[in-house]
Amino acid sequence: MNPLAFTALDLRALRPYARPALLSLAIAAVAIVLPSRSVYGVLTATFFFAATIGPQYPFNLDERSHLDTLYATLPLSRRSVVLGRYATMVAVALILAAASVLVTLAAAPFLGESPDAGTLGMLTLGGFAAFCLFTAVQLPFFFSLGFSRARPFAFIAPLVGLAALFFAFGGRSELTLTALDRLATWPVLASAAIGAVLLLGASAALSIRLYAARDL
């Protein structure tokens, strides 16, 4: 079984979790959009949700249903499991992003806004880069330790990112927004996305080594 076949199997296994996951995402989006009155918050909430909560679902399912043991009995290499799981995470993020763009366009008239295509594109690209970065940090922990033992580390990347912003700008929101506005250019975001994808590849290589050494 190749990695893409495992991804298809992974997505079918995750289907029952789609409804509670979308409900959690909707709650997060409302919590961000209502105070800010900005439709762009939906995209921000989507990628933050996908990066922090998304990876937990398949590893939780592996542990509760003993799927790791099942994988060992199938004609499936551990390398294919790792690569397929990374592809699953990217597929989930892209599906959620596409759904969020549609929700953003649908919600805009109710908030009296006209979403700018360029802003939507930059937010999607920047959000995807952040998702790849956060996922690259988290998945080696899950492959090395399993869901229960790795769960405390799941929020490391988001918390480190938020703490870095806070200490860099001393909690001064105007400086933070100004800095983010200057970084929000196509060359910067494209470079960040390419770098994050390369980091995700390095993370997958590390996960292959860690998962191969894990005693299932």
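The protein chain holds 11 helices and 0 strands, where helices are DSSP runs of H or I with at least four residues, strands are E runs of at least two, and both are numbered from the N terminus. Along the sequence the pattern reads α-α-α-α-α-α-α-α-α-α-α. This is a predicted model, in which local features need pLDDT of at least 70 and side-chain atom pairs count only at pLDDT 80 or more, while totals for chains, interfaces and linings use all residues. Residues are numbered from 1 along each chain as its sequence is written, and side-chain values use heavy atoms, with hydrogens and water left out.

Of the 216 residues, 36% count as buried (buried means under 20% relative accessible area, exposed over 50%, and partly exposed in between, with a 1.4 Å probe on protein chains only). Contact here means heavy atoms within 4.5 Å. Among contacts between residues at least 6 apart in sequence, 84% join residues at least 24 apart.

Let us start with helix α4, which spans residues 56-64. Its buried residues are Gln 56, Pro 58, Phe 59, Leu 61 and Asp 62. They pack against α1 (3-14), α3 (41-52), α5 (67-73), α6 (78-111), α7 (117-145) and α8 (147-150).

Most residues other than glycine have a negative phi. His 66 belongs to the loop between α4 and α5, and its relative accessible area of 55% makes it exposed.

Not counting residues up to four places away in sequence, Arg 85 touches Phe 6, Asp 10, Pro 58, Phe 59, Asp 62, Tyr 71 and Phe 143. Arg 85 lies over the face of Phe 59, at 4.7 Å from the ring centre. In a second case, the charged end of Arg 78 sits over the ring of Tyr 211, 5.4 Å from its centre. A charge sits over a ring if NZ of Lys or CZ of Arg is within 6 Å of the ring centre and within 35 degrees of the ring normal.

Both of those rings belong to one aromatic cluster, formed by Phe 59, Tyr 86, Phe 142, Phe 143, Phe 147 and Tyr 211. The whole structure has 7 aromatic pairs (rings of Phe, Tyr and Trp, the last by its six-membered ring, pair if their centres lie within 6.5 Å; planes under 30 degrees apart count as stacked, over 60 as edge-to-face and the rest as tilted). One of them joins Phe 142 and Phe 147, whose ring centres are 6.4 Å apart with planes at 10 degrees, so this pair is stacked.

**Burial at some selected positions**

| Residue | Relative accessible area | Class |
|---|---|---|
| Phe 142 | 1% | buried |
| Phe 147 | 8% | buried |
| Val 81 | 3% | buried |
| Thr 7 | 8% | buried |
| Ala 87 | 26% | partly exposed |

Val 81 has its place in helix α6. Leaving aside neighbours within four places in sequence, Val 81 is in contact with Phe 6, Tyr 71, Leu 76, Phe 143 and Tyr 211.

Ala 87 is in helix α6. From C-alpha to C-alpha, Ala 87 and Pro 3 are 8.0 Å apart in space and 84 residues apart in sequence.

**The second largest pocket**

How many nonpolar residues line the second largest pocket? First, its volume is about 430 Å³. A pocket is an open set of points on a 1 Å grid over the protein atoms alone, where a 1.4 Å probe fits, with protein on both sides within 12 Å along at least five of seven lines; lining residues have an atom within 4 Å of a point. Of the 17 lining residues, the closest to the centre are Leu 14, Ala 18, Ala 21, Val 92 and Leu 96. The elements giving two or more residues to the lining are α1, α2 (18-36), α3 and α6. By class, the lining has 14 nonpolar, 1 polar and 2 charged residues (Ala, Val, Leu, Ile, Met, Phe, Trp, Tyr, Cys and Pro count as nonpolar, Asp, Glu, Lys and Arg as charged, and the others, Gly among them, as polar).

Terms used
Grid points are joined across faces, edges and corners, and a volume is the space filled by probe spheres set on the points.
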